[in-house]
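Visitor: I would like to learn how to read packing features in a model. Could you take me through a case?
Guide: Gladly; let us look at it together.

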Amino acid sequence: MKINLTPSILYSTGYFLDINMFAFYLGNHPIIIEQHENYQKRSSRNRCQLLGPQGLLNMSVPLKKGKHQQLSIKEVEISYAEDWVRQHLRTLSNCYSSSPFYEYYPQILDILNDRPKYLWQLNYSLLECILDILNYDG
């Protein structure tokens, strides 16, 4: 019998999760993304910060449902009433177009332009994309 003593970490889903989580992934620490939690306002589930030329920039994904209800994260719907996707893509481009990893921008562009219905789908697709870019095979 083999017992795995490697610690696992339970993370909430997040819109462009922070670098610490990816450091754990790449350090071969098992991480579990919670998919049955309730959405919580003012969290990284639909928000992120970018380092821009003038300092930190806040971006958030507008929501239809889930904002004020205790919905499961998988039921929280994204609102496309405003063209936030174009704004986020422009912000990403302005902040990172000179970075060496900008060549992967089209993959992220595709995910955002697919306009997933649910926040969970968006976050999970972005996570998979970034892990693929980092050559994570865990």
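**Reading contacts, helices and rings**

Guide: Leaving aside residues up to four places away in sequence, Asn46 touches Tyr15, Tyr39, Met59, Ser60, Val61, Leu63 and Leu119 (contact means heavy atoms within 4.5 Å). This is a predicted model, where local features need pLDDT of at least 70, side-chain atom pairs count only at pLDDT 80 or more, and totals for chains, interfaces and linings use all residues. Residues are numbered from 1 along each chain as its sequence is written, and side-chain values use heavy atoms, with hydrogens and water left out.

Visitor: Is Asn46 buried or exposed?
Guide: Buried means under 20% relative accessible area, exposed over 50%, and partly exposed in between, with a 1.4 Å probe and protein chains only. Asn46 has 4% relative accessibility, so Asn46 counts as buried. Its place is in the loop between strand 2 (31-34) and strand 3 (47-52); strands (E, at least two residues) and helices (H or I, at least four) are DSSP runs, numbered from the N terminus.

Visitor: At what angle do the axes of helix 2 and helix 3 cross?
Guide: Axes are lines fitted to C-alpha atoms, for helices over the stretch in contact, and angles run from 0 to 180 degrees between N-to-C directions. Helix 2 (residues 84-96) and helix 3 (residues 105-113) have axes that come within 10 Å and cross at roughly 165°. The two helices are therefore roughly antiparallel to each other (angles over 145 degrees; under 35 is roughly parallel, 65 to 115 roughly perpendicular and the rest oblique).

Visitor: Which residues of helix 2 and helix 3 meet?
Guide: Trp84, Val85, Leu89, Arg90, Leu92 and Ser93 in helix 2 meet Tyr105, Ile108, Leu109, Leu112 and Asn113 in helix 3.

Visitor: How does helix 3 pack with helix 4?
Guide: Helix 3 and helix 4 (residues 119-133) pack at about 165°, with axes 10 Å apart. That makes helix 3 roughly antiparallel to helix 4. On the helix 3 side the contact residues are Gln107, Ile108, Ile111 and Leu112, and helix 4 brings Leu122, Ser125, Leu126, Cys129, Asp132 and Ile133.

Visitor: How many aromatic pairs are there?
Guide: A pair of aromatic rings is described by the distance of the centres and the angle of the planes. Rings of Phe, Tyr and Trp (its six-membered ring) pair if their centres lie within 6.5 Å; planes under 30 degrees apart count as stacked, over 60 as edge-to-face and the rest as tilted. The count comes to five aromatic pairs. Tyr102 and Tyr105 have ring centres 4.8 Å apart and planes at 20°, so this pair is stacked. Tyr102 is partly exposed at 23% relative accessible area, whereas Tyr105 is buried at 15%.
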